[in-house]
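Please read these notes with the sequence and the model open side by side. They are set out as numbered points.

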Amino acid sequence: MITALDHIAIAVPDFEKAIKRFMEDFGLTFDGTEDVVPARTSTAFFPLPPTSIELVHPLNGEGPIAGYLEKKGGGLHHLCFRSDNIEEDVERLKAKGYQFLADAPTPGAHGSKVIFIHPRSCDGVLIEINQPADEH
Ligand SMILES: CC[C@@H](C(=O)O)C(=O)SCCNC(=O)CCNC(=O)[C@H](O)C(C)(C)COP(=O)(O)OP(=O)(O)OC[C@H]1O[C@@H](n2cnc3c(N)ncnc32)[C@H](O)[C@@H]1OP(=O)(O)O
Ligand SMILES: [Co+2]
């Protein structure tokens, strides 16, 4: 089941500038960056209990964030719901007609498993579901 709002993701065209902004201007705790190769995405996390801010940027200029930035520039990109059993939640939501953007969960940040629901299944909002490594 969905247990928490794991993170709110913002697509940023200038990764360094955005990291500086959230660290220095907003005074958030910077939890480091991670290039998630299977997702073709560079991430930076700022824990802000009970959730986190995730900055997302194209990895090597490619991937879904590159497409998003090209079309929309920076912006709120997705909400991530944390699941305690991602496979169970996927099956349950598929049965309700939700369109997933992959056949199965794929590797995400911090060793998590992630899967995305098409925005058209959720009133135009891109929803990610993840299961953190410590809950596998
Ligand atoms: C680091 C790993 C992980 C983590 O651990 O947290 C991540 O967060 S990875 C983050 C990046 N990865 C992804 O976003 C994967 C899922 N995304 C996709 O598969 C695609 O981006 C997409 C959502 C299918 C869009 O693909 P695209 O090729 O850009 O298609 P369109 O431009 O035609 O868009 C179709 C439709 O969807 C709307 N759209 C696109 N992106 C978003 C968005 N972020 N939020 C809301 N809506 C979005 C787009 O406007 C189109 O709408 P219509 O024009 O009305 O058809
Ligand atoms: Co995410």
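1. Basis. This is a predicted model, in which local features need pLDDT of at least 70, side-chain atom pairs count only at pLDDT 80 or more, and totals for chains, interfaces and linings use all residues. Residues are numbered from 1 along each chain as its sequence is written, chains are lettered from A and ligands numbered from 1 in the order in which they are written, and side-chain values use heavy atoms, with hydrogens and water left out.

2. Helices (H or I, at least four residues) and strands (E, at least two) are DSSP runs, numbered from the N terminus.

3. H7 and E128 are 121 residues apart in sequence, yet their C-alpha atoms are 9.3 Å apart in space. The classes are buried under 20% relative accessible area, exposed over 50% and partly exposed in between (1.4 Å probe, protein chains only).

4. Cysteines. The count comes to 0 disulfides, a disulfide being a pair of cysteine sulfur atoms within 2.5 Å. For C80, the nearest cysteine sulfur is that of C122, 13 Å away, and that is too far for a bond. C80 is buried at 0% relative accessibility, whereas C122 is partly exposed at 25%.

5. Largest pocket. Its volume is about 920 Å³. Of the 43 lining residues, the closest to the centre are E54, H78, V114, F116 and E128. On a 1 Å grid over the protein atoms alone, a pocket is an open set of points where a 1.4 Å probe fits, with protein on both sides within 12 Å along at least five of seven lines, while a cavity is a set from which the probe cannot get out; lining residues have an atom within 4 Å of a point. Grid points are joined across faces, edges and corners, and a volume is the space filled by probe spheres set on the points.

6. Pocket lining. The elements giving two or more residues to this lining are β1, β3 (41-48), β4 (51-58), α2 (64-72), β5 (75-83), β6 (106-107), β7 (113-117) and β8. By class there are 22 nonpolar, 13 polar and 8 charged residues. Ala, Val, Leu, Ile, Met, Phe, Trp, Tyr, Cys and Pro count as nonpolar, Asp, Glu, Lys and Arg as charged, and the others, Gly among them, as polar.

7. Backbone to check. Most residues other than glycine have a negative phi, and most peptide bonds are trans. P49 and P50 are joined by a cis peptide bond, with omega about 10°; P50 lies in the loop between β3 and β4. N60 has a positive phi near 55°, sits in the loop between β4 and α2, and is exposed at 69% relative accessible area. H110 also has a positive phi, about 55°; H110 is in the loop between β6 and β7 and is partly exposed at 45%.

8. Two loop residues. D84 is in the loop between β5 and α3 (86-95) and is partly exposed at 36% relative accessibility. The C-alpha atoms of D84 and A102, 18 residues apart along the chain, are separated by 19 Å. D14, in the loop between β1 and α1 (15-25), is partly exposed at 38%. D14 and G32 are 18 residues apart in sequence and 16 Å apart in space, C-alpha to C-alpha.
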